[in-house]
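Visitor: Could you walk me through this one? I'd like to start with the sheet and then look at the core.

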Amino acid sequence: MTDTDPRFSRILHDHDEIENAAKRIGAQIDHDYAGKTPILVVVLKGAVMWAGDLFKNISIDVEMDFIDIASYHGGIKSTNAITLRTDLTSDVRGHDIILVEDIVDTGLSLQYLISLLTDRGAKSVKTATMLNKQQGHKVAVKADYIGFEISNEFVAGYGLDYQEIWRNLPFIGVVNPEVYS
Ligand code: PRP
Ligand code: MN
Ligand code: MG
(Lines give C-alpha, C1' and ligand atoms only; values in the text may rest on other atoms or scores of the structure.)
(Ligands and ions follow the chains in the order given, each with its own letter.)
Protein backbone atom coordinates (compact mmCIF):
# COMPACT_ATOMS: atom_id res chain seq x y z
CA MET A 1 0.00 0.00 0.00
CA THR A 2 2.62 2.51 1.09
CA ASP A 3 5.30 1.33 -1.34
CA THR A 4 3.41 3.35 -3.87
CA ASP A 5 2.25 6.09 -1.49
CA PRO A 6 3.85 9.29 -2.83
CA ARG A 7 3.49 11.03 0.54
CA PHE A 8 6.24 8.89 2.09
CA SER A 9 9.79 8.03 1.01
CA ARG A 10 9.74 4.94 3.20
CA ILE A 11 7.95 3.26 6.05
CA LEU A 12 9.86 3.01 9.32
CA HIS A 13 7.57 1.02 11.62
CA ASP A 14 4.21 -0.61 11.18
CA HIS A 15 1.49 -1.26 13.71
CA ASP A 16 2.81 -4.70 14.75
CA GLU A 17 6.30 -3.40 15.45
CA ILE A 18 4.88 -0.52 17.47
CA GLU A 19 2.70 -2.86 19.52
CA ASN A 20 5.74 -5.01 20.26
CA ALA A 21 7.61 -1.94 21.49
CA ALA A 22 4.61 -1.10 23.71
CA LYS A 23 4.68 -4.64 25.14
CA ARG A 24 8.39 -4.38 25.92
CA ILE A 25 8.06 -0.98 27.60
CA GLY A 26 4.84 -1.94 29.40
CA ALA A 27 6.67 -4.87 31.01
CA GLN A 28 9.53 -2.57 32.05
CA ILE A 29 7.09 -0.13 33.64
CA ASP A 30 5.33 -3.00 35.50
CA HIS A 31 8.72 -4.01 36.87
CA ASP A 32 10.07 -0.53 37.68
CA TYR A 33 6.85 0.75 39.31
CA ALA A 34 5.79 -2.41 41.17
CA GLY A 35 3.91 -1.35 44.32
CA LYS A 36 3.45 2.23 43.04
CA THR A 37 0.59 3.92 41.20
CA PRO A 38 2.15 6.34 38.73
CA ILE A 39 0.18 8.93 36.76
CA LEU A 40 0.72 8.45 33.05
CA VAL A 41 0.53 11.87 31.42
CA VAL A 42 -0.31 11.66 27.73
CA VAL A 43 1.18 14.58 25.80
CA LEU A 44 -1.46 15.63 23.29
CA LYS A 45 -1.95 15.36 20.54
CA GLY A 46 0.80 13.26 19.02
CA ALA A 47 1.06 10.63 21.76
CA VAL A 48 -2.56 9.47 21.60
CA MET A 49 -2.12 6.31 19.48
CA TRP A 50 1.09 5.21 21.22
CA ALA A 51 -0.50 5.86 24.62
CA GLY A 52 -3.38 3.53 23.73
CA ASP A 53 -0.94 0.72 22.95
CA LEU A 54 1.18 1.38 26.01
CA PHE A 55 -1.75 1.52 28.45
CA LYS A 56 -3.04 -1.86 27.26
CA ASN A 57 0.34 -3.39 28.07
CA ILE A 58 0.69 -2.10 31.63
CA SER A 59 -0.72 -4.35 34.37
CA ILE A 60 -0.01 -2.36 37.54
CA ASP A 61 -2.50 0.26 38.73
CA VAL A 62 -1.94 3.58 36.96
CA GLU A 63 -3.81 6.85 36.68
CA MET A 64 -4.25 8.65 33.37
CA ASP A 65 -4.10 12.36 32.65
CA PHE A 66 -3.58 14.58 29.63
CA ILE A 67 -1.67 17.73 28.85
CA ASP A 68 -1.76 19.53 25.52
CA ILE A 69 1.29 21.48 24.45
CA ALA A 70 2.48 22.51 21.01
CA SER A 71 5.83 23.55 19.62
CA TYR A 72 5.61 22.59 15.94
CA HIS A 73 2.32 24.31 15.18
CA GLY A 74 1.78 21.91 12.29
CA GLY A 75 5.11 22.58 10.57
CA ILE A 76 8.11 20.37 10.06
CA LYS A 77 10.38 22.08 12.62
CA SER A 78 10.04 22.92 16.30
CA THR A 79 9.37 26.64 16.76
CA ASN A 80 11.15 26.81 20.14
CA ALA A 81 8.05 28.55 21.52
CA ILE A 82 6.00 26.11 23.55
CA THR A 83 2.35 26.81 24.19
CA LEU A 84 0.40 25.14 27.01
CA ARG A 85 -3.00 24.64 25.37
CA THR A 86 -4.77 22.47 27.96
CA ASP A 87 -3.45 21.68 31.42
CA LEU A 88 -3.67 18.53 33.54
CA THR A 89 -6.61 17.95 35.85
CA SER A 90 -4.48 16.13 38.49
CA ASP A 91 -2.38 17.67 41.20
CA VAL A 92 0.98 16.01 40.58
CA ARG A 93 2.49 16.93 43.97
CA GLY A 94 4.04 13.83 45.55
CA HIS A 95 3.16 11.58 42.60
CA ASP A 96 5.34 9.51 40.30
CA ILE A 97 4.77 10.75 36.75
CA ILE A 98 5.44 8.99 33.47
CA LEU A 99 5.23 11.33 30.50
CA VAL A 100 3.97 9.55 27.39
CA GLU A 101 5.36 11.15 24.22
CA ASP A 102 5.29 10.17 20.56
CA ILE A 103 8.69 11.69 19.77
CA VAL A 104 11.60 13.49 21.40
CA ASP A 105 13.22 15.63 18.70
CA THR A 106 14.87 18.87 19.91
CA GLY A 107 13.96 17.84 23.44
CA LEU A 108 12.46 21.26 24.16
CA SER A 109 8.94 19.92 24.78
CA LEU A 110 10.29 17.32 27.18
CA GLN A 111 12.50 19.84 28.96
CA TYR A 112 9.49 22.15 29.36
CA LEU A 113 7.29 19.36 30.73
CA ILE A 114 9.89 17.97 33.13
CA SER A 115 10.53 21.38 34.66
CA LEU A 116 6.81 22.18 34.82
CA LEU A 117 6.01 18.97 36.70
CA THR A 118 9.11 19.14 38.88
CA ASP A 119 8.24 22.73 39.85
CA ARG A 120 4.76 21.50 40.80
CA GLY A 121 6.28 19.02 43.24
CA ALA A 122 6.11 15.72 41.34
CA LYS A 123 7.96 13.01 43.25
CA SER A 124 9.56 11.65 40.08
CA VAL A 125 9.22 12.32 36.35
CA LYS A 126 10.17 9.77 33.72
CA THR A 127 9.39 9.60 30.02
CA ALA A 128 8.17 6.82 27.73
CA THR A 129 8.54 7.90 24.12
CA MET A 130 7.65 5.95 21.01
CA LEU A 131 10.47 7.61 19.00
CA ASN A 132 13.75 9.27 19.92
CA LYS A 133 15.53 11.41 17.32
CA GLN A 134 18.92 11.65 19.01
CA GLN A 135 20.49 13.81 16.27
CA GLY A 136 17.73 16.37 16.70
CA HIS A 137 18.39 17.03 20.38
CA LYS A 138 19.22 20.65 21.20
CA VAL A 139 19.08 20.24 24.96
CA ALA A 140 20.37 17.52 27.25
CA VAL A 141 17.25 15.50 27.94
CA LYS A 142 16.96 11.75 27.98
CA ALA A 143 13.85 9.62 27.69
CA ASP A 144 13.81 6.69 30.08
CA TYR A 145 11.84 4.30 27.86
CA ILE A 146 12.33 4.44 24.09
CA GLY A 147 10.38 2.48 21.50
CA PHE A 148 12.65 3.21 18.53
CA GLU A 149 15.65 5.36 17.71
CA ILE A 150 15.14 7.18 14.41
CA SER A 151 17.30 9.15 12.00
CA ASN A 152 17.17 12.92 11.50
CA GLU A 153 14.27 12.97 9.02
CA PHE A 154 10.73 14.34 9.23
CA VAL A 155 8.31 11.55 10.09
CA ALA A 156 4.53 11.37 10.33
CA GLY A 157 1.78 8.85 11.01
CA TYR A 158 0.69 6.95 14.13
CA GLY A 159 -0.19 10.15 15.96
CA LEU A 160 2.48 12.35 14.42
CA ASP A 161 1.15 15.02 12.09
CA TYR A 162 2.15 16.89 9.00
CA GLN A 163 0.14 20.12 9.14
CA GLU A 164 -2.30 18.40 11.52
CA ILE A 165 -3.13 15.55 9.11
CA TRP A 166 -1.90 11.95 8.79
CA ARG A 167 -2.08 11.29 12.57
CA ASN A 168 -4.54 8.48 11.77
CA LEU A 169 -2.15 6.41 9.63
CA PRO A 170 -1.37 2.98 11.16
CA PHE A 171 2.38 3.27 10.51
CA ILE A 172 5.27 5.73 10.95
CA GLY A 173 6.80 6.90 7.69
CA VAL A 174 9.47 9.31 6.49
CA VAL A 175 7.63 12.12 4.74
CA ASN A 176 8.70 12.54 1.13
CA PRO A 177 10.64 15.87 1.07
CA GLU A 178 8.74 16.77 -2.10
CA VAL A 179 5.66 17.14 0.08
CA TYR A 180 7.01 20.14 1.99
CA SER A 181 9.72 21.63 -0.27
C1 PRP B 1 5.54 17.22 18.62
C2 PRP B 1 5.65 15.85 19.22
C3 PRP B 1 6.30 16.10 20.56
C4 PRP B 1 7.19 17.29 20.29
C5 PRP B 1 8.60 16.83 20.10
O6 PRP B 1 4.39 17.86 19.12
O7 PRP B 1 4.36 15.30 19.37
O8 PRP B 1 5.34 16.43 21.54
O9 PRP B 1 6.71 17.90 19.08
O10 PRP B 1 9.42 17.85 19.58
P11 PRP B 1 10.58 18.53 20.38
O12 PRP B 1 11.40 17.47 21.04
O13 PRP B 1 11.38 19.23 19.28
O14 PRP B 1 10.02 19.50 21.34
P15 PRP B 1 3.76 19.15 18.45
O16 PRP B 1 4.32 20.37 19.10
O17 PRP B 1 3.90 19.07 16.97
O18 PRP B 1 2.23 19.07 18.86
P19 PRP B 1 1.24 17.85 18.54
O20 PRP B 1 1.65 16.71 19.42
O21 PRP B 1 -0.10 18.37 18.88
O22 PRP B 1 1.41 17.52 17.07
MN1 MN C 1 3.33 16.47 20.68
MG1 MG D 1 2.82 18.20 15.69
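Guide: A definition comes before the sheet: two strands pair if DSSP finds at least two bridges between them. Helices (H or I, at least four residues) and strands (E, at least two) are DSSP runs, numbered from the N terminus. This is a predicted model, where local features need pLDDT of at least 70, side-chain atom pairs count only at pLDDT 80 or more, and totals for chains, interfaces and linings use all residues. Residues are numbered from 1 along each chain as its sequence is written, while chains are lettered from A and ligands numbered from 1 in the order in which they are written.

Visitor: In what order do the six strands of the open sheet run?

Guide: The order is β4-β3-β2-β5-β6-β7, with mixed pairing. β4 and β7 (145-149) are the edge strands, each pairing on one side only. From one strand to the next, the twist averages 30°. Axes here are lines fitted to C-alpha atoms, for helices over the stretch in contact, and angles run from 0 to 180 degrees between N-to-C directions.

Visitor: Are β5 and β6 parallel or antiparallel?

Guide: Parallel, over eight bridges. L99 stands opposite T127 in β6.

Visitor: What does strand β1 join?

Guide: Strand β1 (residues 8-14) is joined to strand β9 (residues 171-175) by five bridges, and the two run antiparallel. I11 faces G173 in β9. β8 also pairs with β9, antiparallel, over two bridges. There, V155 has V174 of β9 as its bridge partner.

Visitor: Back up a bit. How many helices and strands does the protein chain have?

Guide: Four helices and nine strands. Starting at the N terminus, the elements run β-α-β-α-β-β-β-α-β-β-β-β-α.

Visitor: Why call the protein chain as compact as a globular protein of that length?

Guide: Its radius of gyration is 16 Å, close to the 16 Å the globule rule gives for 181 residues, so the chain is as compact as a globular protein of that length. The radius is taken over C-alpha atoms, and the rule is 2.2 Å times the number of residues to the power 0.38. Along its principal axes, the C-alpha trace spans about 50 × 35 × 25 Å.

Visitor: Now the core. Which residues have the most contacts inside the largest one?

Guide: V41, V43, W50, L54, I98, L99 and V100, in a nonpolar core of 38 residues. β5 gives the most to this core, with six residues. A nonpolar core is a set of buried Ala, Val, Leu, Ile, Met, Phe, Trp, Tyr and Cys residues joined through C-beta atoms within 7 Å. Buried means 20 or more other C-beta atoms within 10 Å of a residue's own, exposed 12 or fewer, and partly exposed in between, with C-beta atoms placed from the backbone.

Visitor: What does I98 touch?

Guide: I29, P38, L40, V41, K126 and A128, leaving out residues up to four places away in sequence. Contact means C-beta atoms, placed from the backbone, within 7 Å.

Visitor: And which residues of α2 are buried?

Guide: M49, W50, A51, D53 and L54. Their cover includes α1, β2, β5 and β6.

Visitor: Last topic. Is D87 buried or exposed?

Guide: D87 counts as exposed because it has 12 C-beta neighbours inside 10 Å. D87 lies in the loop between β4 (83-86) and β5. D87 and E149 are 62 residues apart in sequence and 29 Å apart in space, C-alpha to C-alpha.

Definitions and conventions:
Two residues are in contact if their C-beta atoms, placed from the backbone, lie within 7 Å.
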